[in-house]
Amino acid sequence: MANVVGSSVCRTAVDEGKPADWVPGGEKQTVVDPMKMFHELPREKQFITGSEAARESMRRANIDIAIAYPITPQSESMQQAGYLYDEGYIKEYYRAEEEIGTFSAISGASRAGVRSLTATSGPGLMRGLEAVSSWPGARTPIIMLNMCRVINTPLAIQPDNIEMSFLLNTGILMLHAENQQDFYDYPLAAIMASEQVDVTLPAVVSTDGFFVTHARGPVSITPEEYKLPPRDGWRSAVPAMDNENPPARLSRDAPIQKSNFISYHMHSSWQQEVFAAVERSAKYFRAYLGGLVEVVNPGAEDFIIASGCAVSQAREAVRQEGEKGRTVGLVKIKTIRPFPTEEIFEAVKGAKRILVPEFNQAGWLHKEVCSVLYGRTTGVIKNGPRVYGGMTMPTEMILEWLADFRKEVK
Amino acid sequence: MSLETLRPSPAFKDVLPVEYKDLVDHGPYNNRNGKDSQSVKVTDMGKFKEVIEEHPMCAGCAMTLFIRLVYIGMPNPEHSIVVGTAGCGRLAISQASVPFVYGNYGDTNAVASGLKRGLEVRFPNQKKDVVVMAGDGGLIDIGFQGLMHSWFRHEKFTTIMLDNEVYGNTGGQESGMTNQGKVLKMAPRGKFGEKIDAMGLAKVAGVDYIARLAPTNPARVARTVRRAIMVAREVGSSFIQAYTSCNIEYSIPTPDVMKDAFEIEKERYGFEEIISPAAKEYLDDVEKKAKKKKSDK
């Protein structure tokens with residue numbers, strides 16, 4: 001009997017408790033061009049949780065291998081991956097020992113040239129950060145779903161996206177999903193961008209835990225009979241670790257740590273290339289997501305720049321201000337890396353007042369925004385509002401900050 | 001690399017790297033041709049192109065000899081990938097004509113788990129041998145969790161511990177595999193605990209093929225490596241614990257390195273194999289077949 005999956009324990013359908021004529025779900029799907037999937041296929045609206053949206057995204061993503069460790073609130077998503085494995089939409093799957101093991105194993109899987117998925121959350125991300133920060137330099141396309149959660153002591157399991165700041169300078173592609181819909185769309189786009197030859201980088205799609213993962217929202221999804229094209233292990237900026245590539249003496253992961261000027265040059269040029277590849281990914285995200293940003297009310301004097309859940313709260317603030325006859329602009333940042341420097345500048349170059357609401361104490365997005373607008377615009381950028389430690393951000397808070405801001409900056 | 005997937009046109013053979021041509025024409029890449037096992041022999045060392053030839057290891061290092069023998073023992077080097085980590089060994093391993101994954105310290109067995117499973121998904125019709133070759137510290141201290149869990153999951157790759165009983169690359173600190181009482185850096189009053197019983201742990205975890213040896217008998221090293229890799233290919237996890245002394249940190253005079261290996265072998269590092277019934281059945285089968293082929297000739 002044929003091996004149903006390429007599993008390292010060589011399981012057959014019968015070994016796995018399936019009937020002998022079982023056909024894995026993935027084999028019943030048809031490969032479709034990514035642009036067609038993202039923009040043309042008909043969509044059906046469902047009312048599902050963020051984790052369920054992630055499951056439907058994974059079902060269509062042609063994943064070869066998924067490895068994760070359970071951690072609140074991500075566990076539900078990786079359980080969902082387990083169900084997909086059982087249904088035959090994911091070819092290989094296991095629960096790893098912990099996050100260093102998880103993120104190391106998934107980098108091994110990606111080195112084999114197969115599409116590799118993992119998921120995590122705040123403290124788990126912190127535990128495995130050494131492995132995660134080594135992914136870009138190893139040029140391993142990996143998709144990681146990250147459900148943000150408080151990382152600080154005292155221990156809490158509430159949403160707070162400070163963990164994203166630890167990824168900003170790693171060379172990883174970073175997307176920030178606003179809602180369940182984004183958590184369905186972004187992973188598919190991120191996979192396709194990360195596997196482009198001129199990118200070949202891992203991608204993390206973060207969303208704010210619980211608000212998105214555990215709450216239901218409307219999600220328009222494409223028919224499940226269509227899936228993305230598979231990862232082509234031969235198309236890559238660096239060869240896969242499959243021993244299929246000449247020349248003979250090839251050590252892709254050669255240690256470059258002997259102290260001499262050649263090794264410094266090698267390492268610095270390698271780093272430059274990783275960060276250049278991040279920038280090169282922008283063109284793919286523009287095509288797949290219809291832009292790195294979404295701009296509401298261009299030309300407004302008051303602007304809100306936000307990512308993730310803060311966008312939804314800002315949208316409501318914009319709507320309520322509109323009812324009162326005041327136009328407030330909104331820039332939703334979809335990709336944190338590559339950072340949409342020019343798009344943000346174009347959107348807010350005429351603005352007088354800019355608010356940056358965030359779900360973390362450090363204000364990492366505020367710092368990012370300041371760094372790209374410094375010296376280029378005359379608008380005042382307000383340092384907030386922010387909530388953290390699991391707090392929600394009432395729309396009233398944004399409105400109060402706006403009112404005060406208008407008094408402060410005429 | 002695969003001789004099946006890479007079949008250069010004879011007209012282009014000239015422009016292939018010399019390394020590759022030599023490995024195919026005069027080395028272990030091609031001598032498998034139509035045979036179950038490779039035919040480069042340890043006794044012919046020096047007469048054929050080796051997978052590893054140049055290295056920056058210390059003069060007289062026993063680990064280097066052992067690593068050379070590992071590559072000679074590989075049943076199918078053109079379809080093998082080695083996973084390693086920081087430590088002395090990788091200085092030589094990274095110079096080999098077999099791809100080397102150089103990961104973070106202590107991540108070897110997790111990386112190998114993902115790599116092996118990924119390769120099985122991608123190449124369902126071509127066995128790829130994954131071999132972890134790392135030091136005692138990398139495996140039994142910082143890599144302990146990944147090591148044990150890969151064994152408990154019965155991941156199908158080979159783990160080879162280069163046991164020099166010290167952190168040699170960082171300058172001589174004691175490791176979990178150092179003997180009790182030994183005075184080394186970070187053990188100024190002598191190592192506190194006993195040398196960790198790695199073989200016992202492997203046994204508890206259900207590793208299918210476990211071997212301990214010193215590089216005193218080159219042909220035995222090659223045979224043991226071959227057995228471990230064959231078991232990992234078809235049955236389950238395999239583990240080799242090899243005494244590869246550090247002549248620098250243990251102050252062994254260079255001409256006496258092999259003398260030390262023989263002495264330690266006699267004293268406490270004797271050759272031992274622990275083979276599960278399933279692995280034994282499999283090995284008996286392949287080794288009988290190989291013998292029969294020989295006698296048929």
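1. Two strands count as paired if DSSP finds at least two bridges between them. Helices (H or I, at least four residues) and strands (E, at least two) are DSSP runs, numbered from the N terminus. In strand 2 of chain B, Phe100(B) is the bridge partner of Val82(B).

2. A note on the model and its labels. This is a predicted model: local features need pLDDT of at least 70, side-chain atom pairs count only at pLDDT 80 or more, and totals for chains, interfaces and linings use all residues. Residues are numbered from 1 along each chain as its sequence is written, while chains are lettered from A and ligands numbered from 1 in the order in which they are written.

3. Strand 1 of chain B (residues 80–84) is mostly covered. Five of its five residues are buried (20 or more other C-beta atoms within 10 Å of a residue's own; exposed is 12 or fewer, partly exposed in between; C-beta atoms are placed from the backbone). Ser80(B), Val82(B) and Gly84(B) point one way, Ile81(B) and Val83(B) the other.

4. Which strands does strand 1 of chain B run parallel to? One is strand 3 (residues 129–135) of chain B, over four bridges. Here Ser80(B) stands opposite Asp129(B). Another is strand 2 (residues 100–102) of chain B, joined by three bridges.

5. Chain B overall has 10 helices and seven strands. Of its 297 residues, 52% count as buried. A compact globule with 297 residues would have a radius of gyration near 19 Å; chain B has 19 Å, which agrees. That radius is taken over C-alpha atoms, and the globule rule is 2.2 Å times the number of residues to the power 0.38. The C-alpha atoms fill a box of roughly 65 × 40 × 40 Å along the principal axes.

6. Helix 4 (residues 108–122) and helix 6 (residues 144–152) of chain B have axes that come within 7 Å and cross at roughly 40°. Axes are lines fitted to C-alpha atoms, for helices over the stretch in contact; angles run from 0 to 180 degrees between N-to-C directions. Helix 4 of chain B contributes residues including Thr108(B) and Ser113(B), and helix 6 of chain B includes Leu147(B). Contact here needs C-beta atoms, placed from the backbone, within 7 Å.

7. Chain A holds an open sheet of seven strands, order 4-3-5-6-8-7-14, with mixed pairing. Its edge strands are strand 4 (92–95) and strand 14 (335–337), each pairing on one side only. The twist averages 20° from one strand to the next.

Key
Contact = placed C-beta atoms within 7 Å.
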